[in-house]
Amino acid sequence: MIRVGIVGASGYTGGELLRLLLTHPEIEVVQATSESYIGKFAFQVHPQLRGQTQLRFIGRDALQSCDLLFLALPHGEAQKYIDRYAALAPKIVDLSADFRLRDPAAYASTYGHEHLAPEWLERFVYGLPELTRNSLRSANYASGVGCNATATTLAVYALVKAGMLPPTQPIIADIKVGSSEAGSTPTDSSHHPARSGIVRPFQLTGHRHEAEVRQSLAAAGAYDIRLSVTSVELVRGVSAAIHLSLPIGLSDKDLWSAYRAAWNTEPFVRPVHEKSGLHRHPEPRLLAGTNYADVGWEYDPATGRTVLLSALDNLGKGAAGSAVQCMNLMCGFEETTALTFGGFYP
Amino acid sequence: MPECPECGAAITIPANAMQHELLPCPDCGTELEIISLNPLTLDRAPEVQEDWGE
């Protein structure tokens, strides 16, 4: 049994972390911070936790030493105090964007300012177990993952790994996202009359997660991969459609072979490419609350035009789920512990 | 083990399977027909045709 703390536990990813960790048989959540809700029960902010825990929020100044800290703070906050958090816990999983990129120059160009703790970037392992599992097993520090980056990386990874998608063409990822990606702080754009029913182009060029995807695929080449993100009528969910060309004349067997080679031993990535029925392709609604990412494709053998697909829960596989998966690896627990919820339907 | 002719998945045939029995591929969902048991041969099951049942 290890003792775990969550810094910044009142946001949506913090709440999802708590929901997952409270079912984990190997850990005890001993502290959770929120500067806005000091003294409140966690279930007063996260009502799905009523009856699950009597944990009350503390301020970050009251943090005690523990075995592992999750940092679920707004982007930019973890890097300000990383030395302090590292003094409190020998292992850290940071869910923000602060430690995802290895290169300080890439961080500066992506986020528009110099990193405040660049010496820490190399100490963090990128927290996508499907790509960095072996490094995570011996890591003390893991970054989180960007939800849109994860959807894109997982969508293309099977073909990249198989050598079927060389970095010779621009790749466009058209991504539809739910409102919880924007976090729990209300804004003008999240106001119900402004948000409800929308299909709102949000960021069609220059999305920050592009750097993460390029970094994840760098070992296979310098991919020119661009994200176009549109907000849609979902609360949880990311749906990615990646447009590209493959050689003409491939068969479905060729693609299945690549997807099986990449994913058949992975517990949380599932190829979905059915010939009939309603649910032939990955759909985010089916994955709400889960740590699964579904991947698939549509391919026209006459023209080579291809659309690679993925879906996940941005709070699950795109954030808290992957973070718990990282913790399991870092602590030597069974990788799937507390993460096997399969979702609900309809 | 026989393969799905559509996607190449390994198909497990029930011990009591019969010729012309239909079964779905567990990976791609294609409906398959056991064409023969000896030798074991699978193919895509015929789709419903326009005059079936007429």
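Read along the sequence, chain B follows the pattern β-β-β, with 0 helices and 3 strands; helices (H or I, at least four residues) and strands (E, at least two) are DSSP runs, numbered from the N terminus. This is a predicted model, in which local features need pLDDT of at least 70 and side-chain atom pairs count only at pLDDT 80 or more, while totals for chains, interfaces and linings use all residues. Residues are numbered from 1 along each chain as its sequence is written, and chains are lettered from A and ligands numbered from 1 in the order in which they are written.

Of the 54 residues of chain B, 20% count as buried. A residue is buried if 20 or more other C-beta atoms lie within 10 Å of its own, exposed if 12 or fewer, and partly exposed in between, with C-beta atoms placed from the backbone. Among contacts in chain B between residues at least 6 apart in sequence, 20% join residues at least 24 apart; a contact means that the C-beta atoms of two residues, placed from the backbone, lie within 7 Å.

Chain A is divided into domain 1 (2-124) and domain 2 (147-314), with bounds from an automatic or database domain assignment. The C-alpha centres of these two domains of chain A lie 27 Å apart. Across the boundary, 9 residues of domain 1 of chain A are in contact with 7 residues of domain 2 of chain A. On the domain 1 side, H4(A) gives the largest share, 3 residues.

Chain A holds an open sheet of 5 strands in the order E2-E1-E3-E4-E5, with parallel pairing; two strands pair if DSSP finds at least two bridges between them. Strand E2 (27-32) and strand E5 (141-143) of chain A stand at the edges, each with a single partner strand, so one side of each is left without a neighbour in the sheet. Neighbouring strands are turned by 20° against each other on average, direction ignored. Axes here are lines fitted to C-alpha atoms, for helices over the stretch in contact, and angles run from 0 to 180 degrees between N-to-C directions.

The bridges can be followed across the sheet. Strand E1 (residues 2-7) of chain A pairs with E3(A) over 4 bridges, and Ile6(A) has Phe70(A) as its bridge partner in E3(A). E3(A) pairs in turn with E4(A), again in the parallel sense and over 4 bridges; here the partner of Phe70(A) is Val93(A). From E3(A) the chain passes through helix H3 (residues 82-88) of chain A to E4(A) in a right-handed β-α-β crossover, where right-handed means that, with the strands pointing away from the viewer, the path from the first strand over the helix to the second runs clockwise. Strand E4 (residues 91-94) of chain A pairs with E5(A) over 3 bridges, with Ala142(A) as the partner of Val93(A). Helix H10 (residues 316-330) of chain A packs on the sheet, touching strand E3 (68-71), E4 and E5 of chain A, and its direction makes about 160° with that of E4(A).

Phe70(A) also belongs to the largest nonpolar core, where Phe70(A), Leu71(A), Val295(A) and Ala323(A) touch the most other members of its 101 residues. Such a core is a set of buried Ala, Val, Leu, Ile, Met, Phe, Trp, Tyr and Cys residues joined through C-beta atoms within 7 Å. Helix H6 (residues 147-161) of chain A supplies the largest share of this core, 10 residues.
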